[in-house]
Amino acid sequence: MSNQPTNGKVHLDGEAPDPSLALKPCNLEGVDALVQRISKLATSISATDNVKRQELAEAARGLVRALETPRETMIKHCWAQPATMTALTLGVDIGLFEAMTKDGGSSKKSTDLAQAVGADPNLIVRLLRHLAAMGYVEETSTDEYKPTNFTKSLCFPIIKAGYPVLSGALLSANNLFHEFVKKNNYEAPNDMAAGALQYAYKTDKNMFEHLRSLPPYGELFNLHMAGYHQGRPSWMDPGFFPVQERLIGGAEKSDTAAFLVDIGGSIGHDMEEFLRKHPSVPGRLVVQDLPAVLNQIKDLDQRIEPMEYNFLTEQPVKGSRAYFMHSVLHDWPDVECAKILAQVTAAMKPGYSKLLINENVIPPRNAGWEATSLDILMMTLLASRERTEPEWTKMLEAAGLRVCKIWTVGNGVESLIECELNVTK
């Protein structure tokens, strides 16, 4: 069999499935087992047990997939989900969900909501009708609706920001990705200055430059990233990474000695969390990012130093106990990652400094949907990727680092990759 691209012209040569397959449930035979699994998991569910809750949610999604026909799934993908993104984005943009949440989230007529946000009643009722059909608002009577906990949460900036920034400035790269890779002989993109985003938006800017050139999308993107990190297990918590044993123990105690440098640390939310959970750490705590990002900081603990820095240039803080990067390297192809890592390793003190990388590590099987979807977005927006353990190890060893251990607490959770300089090289 040829390994050459087929341009979508693979022929089944008499092996085509029966057309009636598209109108039958996808997995009717598996429904009973899924129902039994759901019933068993439901007996032990709790708001504090995220593992069991997520297992139950995945089983429920599996049941829906089993019951749907391929035709229904196709319509969901092609019509229902894009329409939902449209309705949610516009709702966020006009303050619809704040209007719904007023007065304790009581049921409201669509005409009253339209008046509250200054929009055509015919527009608002059609948005709400679809959101109700999808389960995101509750239809309480004819043309009358109330918010769910999800739509109430769209009042929070870090939850709602993703909808306008993705719809307004990013998703065309996904929508036209098939065209882009066809023009590039079906090769995975690896140039962040000439990828699907540049093709879709006809720009020579990379994603970050693109967003900053289109206010308020740069600021909304930072808020969206803060929302992504909310509610996820943190490496700073007990039971994940032993902070006292691996970082604080053996650290220099001087107030002038650098303890932790957060490279590409945005507006400091990770460092603030670290200081809140480990308030007695010694030394300096530094958050580094570009001026346009640091200028968005509204409030930062006095112990934390904001520092303007481009991580493709020489690292100004030498010999820190640890350098930390959260969701940085996945934004960059391997060639650029090598340049970033070279600046870090040049600043590290052998036998003392650590590099901590807080990123997804894709497992060899049964990867979680958050990580796999993010991997697709990295490919379309930045010509980069989420990486597997062998890919991380290869890249880090090439940079002169030794992976001490990859710390994690479960599939679908960002890991902490603990590295030191490889002094044997």
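Predicted model: local features only at pLDDT ≥ 70, side-chain atom pairs only at ≥ 80, totals over all residues.
1. Residues are numbered from 1 along each chain as its sequence is written, and side-chain values use heavy atoms, with hydrogens and water left out.

2. Let us start with the second largest pocket, whose volume is about 440 Å³. A pocket here is an open set of points on a 1 Å grid over the protein atoms alone, where a 1.4 Å probe fits, with protein on both sides within 12 Å along at least five of seven lines; lining residues have an atom within 4 Å of a point. Of its 21 lining residues, His229, Gln230, His269, Asp270 and Glu273 are the closest to the centre.

3. Which elements give two or more residues to this lining? They are helix 14 (217-229), helix 16 (269-277) and strand 7 (322-326). Helices (H or I, at least four residues) and strands (E, at least two) are DSSP runs, numbered from the N terminus. Helix 16 provides the largest share, four residues.

4. Now to the rings: the whole structure holds 10 aromatic pairs. Rings of Phe, Tyr and Trp (its six-membered ring) pair if their centres lie within 6.5 Å; planes under 30 degrees apart count as stacked, over 60 as edge-to-face and the rest as tilted. Phe180 and Tyr199 make a tilted pair, because their ring centres are 6.1 Å apart and their planes stand at 55°. Phe180 belongs to helix 11 (residues 177-183) and Tyr199 to helix 12 (residues 196-201), so the pair ties together parts 19 residues apart in sequence.

5. Buried means under 20% relative accessible area, exposed over 50%, and partly exposed in between (1.4 Å probe, protein chains only).

6. Phe311 and Trp332 form an edge-to-face pair, 5.6 Å centre to centre with 80° between the planes. Both Phe311 and Trp332 are buried.

7. Finally, look for charges over rings (NZ of Lys or CZ of Arg within 6 Å of the ring centre and within 35 degrees of the ring normal). Lys349 lies over the face of Tyr352, 5.1 Å from the ring centre, and Arg387 over that of Trp392, at 5.4 Å.

Note on methods: Points joined across faces, edges and corners; volume = space filled by probe spheres on them.
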